[in-house]
Amino acid sequence: MCPEEKLAIEEKVVKMLKTVFDPEIPVDIYNLGLIYAIDLDDDGNLHIDMTLTAPNCPAADFIIDDARIKLESIEGVKSVDIRIVFEPEWTKDMMSEEAKLDLGFL
């Protein structure tokens, strides 16, 4: 896959991640700062490192399944591997300015 194709798919990945919400928080997982890494290899295998707002998040399975289903629908993505990591620990400082505004932190 050429660099332009890869970039276009990665842009679609970000756009798609912005449609995945924690059902308890009215902000998408991308703007919450839960996505730590997006890696698309030349074969179309997508690897995502993400965290949760809390290690015992009751909506974790829902969020991960929603993200996987949506990401698998992107043309050019052959497989999706979502890895949950807790290093570094998530804090509200990782949220986008838009998310902080939406949640009343600004």
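Which residues in α1 are buried?

Reply: First, the basis. This is a predicted model, where local features need pLDDT of at least 70, side-chain atom pairs count only at pLDDT 80 or more, and totals for chains, interfaces and linings use all residues. Residues are numbered from 1 along each chain as its sequence is written, and side-chain values use heavy atoms, leaving out hydrogens and water.

Now the helix. Helices are DSSP runs of H or I with at least four residues, strands are runs of E with at least two, and both are numbered from the N terminus. Helix α1 covers residues 3–17, which is 15 residues. Its first and last C-alpha lie 21 Å apart, close to the 21 Å expected at 1.5 Å a residue (that is, 1.5 Å times one less than the number of residues).

In α1, the buried residues are Ile9, Val13, Val14 and Leu17. Buried means under 20% relative accessible area, exposed over 50%, and partly exposed in between, with a 1.4 Å probe and protein chains only. Seen down the axis of α1, the buried residues fall within an arc of 145°, so they line one face of the helix. The arc is taken from the directions from the helix axis to the C-beta atoms. Their cover includes β1 (35–40), β2 (45–50) and α2 (60–72). On the other side of α1, Glu4, Glu11 and Lys15 are exposed.

Lys6 also deserves a look. Its side chain forms a salt bridge with Asp42 at 3.6 Å, N to O (a side-chain nitrogen of Lys or Arg within 4 Å of a carboxyl oxygen of Asp or Glu). Lys6 sits in helix α1 and Asp42 in the loop between β1 and β2, 36 residues apart. Lys6 counts as partly exposed, because its relative accessibility is 22%.

How values were computed. Contact means heavy atoms within 4.5 Å.
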